[in-house]
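Please look through the structure below before reading on. The notes that follow are grouped by topic and are meant to be read alongside it.

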Amino acid sequence: MTTESDNSREWAAQAYALLKKRQEQQKQELEKQEQQKQELEKQEQQKQELIDIPNEEKIAEPELGEFDDNFTWSAMVLAAQGKKINQISIDEIDWLTKLRRGLEETRKGFVTELLDKLGDDPLTPESLDDLETLLIRADVGIDSTDKVISSLRTKLNEEVVGAEAGIKFLKQELKLIIDKPIKNSGSDLLVPQKGKLNVWLLVGVNGVGKTTTLGKLAYLSSKSNYKTLIAAADTFRAAAVEQLKVWGDRSNVDVISNQSKNADPAAVVFDAINSAKKRNVDLLLVDTAGRLQTKNNLMDELAKIKKIIDKKVPDAIVESLLVLDASQGQNGLKQAKSFAKSADLSGAIITKLDGTSRGGVSLAVSEEVNLPIRFIGAGEGIKDLRPFNSYEFVEAMLADK
Ligand SMILES: Nc1nc2c(ncn2[C@@H]2O[C@H](COP(=O)(O)OP(=O)(O)O)[C@@H](O)[C@H]2O)c(=O)[nH]1
Ligand SMILES: [Mg+2]
């Protein structure tokens, strides 16, 4: 007799074999290219010409890891979303593995503990109290927690709910909360609209990961063939421009900046828009300053930047994306609320989901600030950012191993 999990494993094993084969082929292809390149270089040198090989930093391709739980889980998550075996890439597996590992701390506080407490017994009103505590501890927020617990309570009044079924129901409820602002926004995925200038402003307090996220976005965008430009409008931090240039170099995206001291951020945006128009740019990414102590100035700055954009490119599609550090938990939620009041936000990006126990804050942001989450970051590498996918997020947060 074969069970569903046998089939899953078999399916994952096939996917693994296929990816392994593809990786071998890619490696051989790369080796061949490398050989050809070396030969070419040798010939060039023999011609005694001065050659200037651009010093481009190689972005490491992820390697296929072991055929383990991580792989099987990631493959299953992709399969559940309708992916066929030959559509799976190592990149996707790598990301899901990272996400699952990243949310491990958050997950530990939830499922593992809950399942341990429950054993095989059905849910009781007491176990709901435990669950409530766990949700609050993971920074899911009071409103979302109330919502989830009361739906579970209603369900318990109607039928007996086993532990596994309880978790499944919990996943559905959490997904509904996260999906609501995304549905309301009218677009499931934030991508630049072709044929227009798209301007994405990254806002948020210092240290949450704005500049890093912008670098990762520039990579994603240029890799997806959008003509991309960066505006270094954080003119307060001396090192911010240098930091951006490094990111820009990695993804071959130009950075518009003004090196003079106390340059006006709005003036940098002004220059960047001019360049963007000249070059037919699809996506202009704007880094902004985030000093909390001058919060009013900060909001004025943002308003000024927006005014410039409205004036110069009235038909631009502007997104104001609040960057939040998941590890800051309730503090992040507070920031979101205060920015939402004065900065006219259109979405959120949650960073540093790797190694925090407070990934639940994403739910609080969806429920209490009504912001669609657009991207999530789980690491400092250039590929450690992905468009937000609520199914994957909830599965990773509540994966039962
Ligand atoms: N672990 C981890 N670190 C991150 C992530 N995003 C950013 N960081 C780190 O957070 C620190 C602050 O980032 P930065 O982009 O300069 O923040 P900004 O002040 O908002 O521009 C840097 O050390 C980044 O490497 C992430 O997703 N995971
Ligand atoms: Mg910065």
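This is a predicted model: local features need pLDDT of at least 70, side-chain atom pairs count only at pLDDT 80 or more; totals for chains, interfaces and linings use all residues.

**Pro181 and its surroundings**

Leaving aside residues up to four places away in sequence, Pro181 touches Ser366, Asn370, Leu371 and Pro372.

- Pro181 counts as partly exposed because it has 18 C-beta neighbours inside 10 Å, whereas a buried residue would need 20 or more.

*Helix α7 against helix α14*

- Helix α7, residues 163-185, packs with helix α14, residues 390-397, at an angle of about 140 degrees, and their axes are 10 Å apart.
- That angle makes α7 oblique to α14, and the crossing of the two helices is right-handed.
- On the α7 side the contact involves Lys171, Leu174, Lys175, Ile178 and Asp179, which meet Ser390, Tyr391, Phe393 and Val394 in α14.
- The residues of this contact between α7 and α14 divide into five nonpolar, one polar and three charged.

*The shell around ligand 1*

- Ligand 1 is surrounded by 17 residues, of which the closest are Gly209, Lys210, Thr211, Thr212 and Gly377.
- Helix α8, residues 210-223, contributes three residues to this shell around ligand 1, which is the largest share.

Methods
Residues are numbered from 1 along each chain as its sequence is written. Chains are lettered from A and ligands numbered from 1 in the order in which they are written. A residue is near a molecule or strand if its C-beta atom, placed from the backbone, lies within 6 Å of it. Helices (H or I, at least four residues) and strands (E, at least two) are DSSP runs, numbered from the N terminus. Axes are lines fitted to C-alpha atoms, for helices over the stretch in contact, and angles run from 0 to 180 degrees between N-to-C directions. Angles under 35 degrees count as roughly parallel, over 145 as roughly antiparallel, 65 to 115 as roughly perpendicular and the rest as oblique. A crossing is left-handed if the near helix is turned anticlockwise from the far one by less than a right angle, and right-handed if clockwise. Two residues are in contact if their C-beta atoms, placed from the backbone, lie within 7 Å. Ala, Val, Leu, Ile, Met, Phe, Trp, Tyr, Cys and Pro count as nonpolar, Asp, Glu, Lys and Arg as charged, and the others, Gly among them, as polar. A residue is buried if 20 or more other C-beta atoms lie within 10 Å of its own, exposed if 12 or fewer, and partly exposed in between; C-beta atoms are placed from the backbone.
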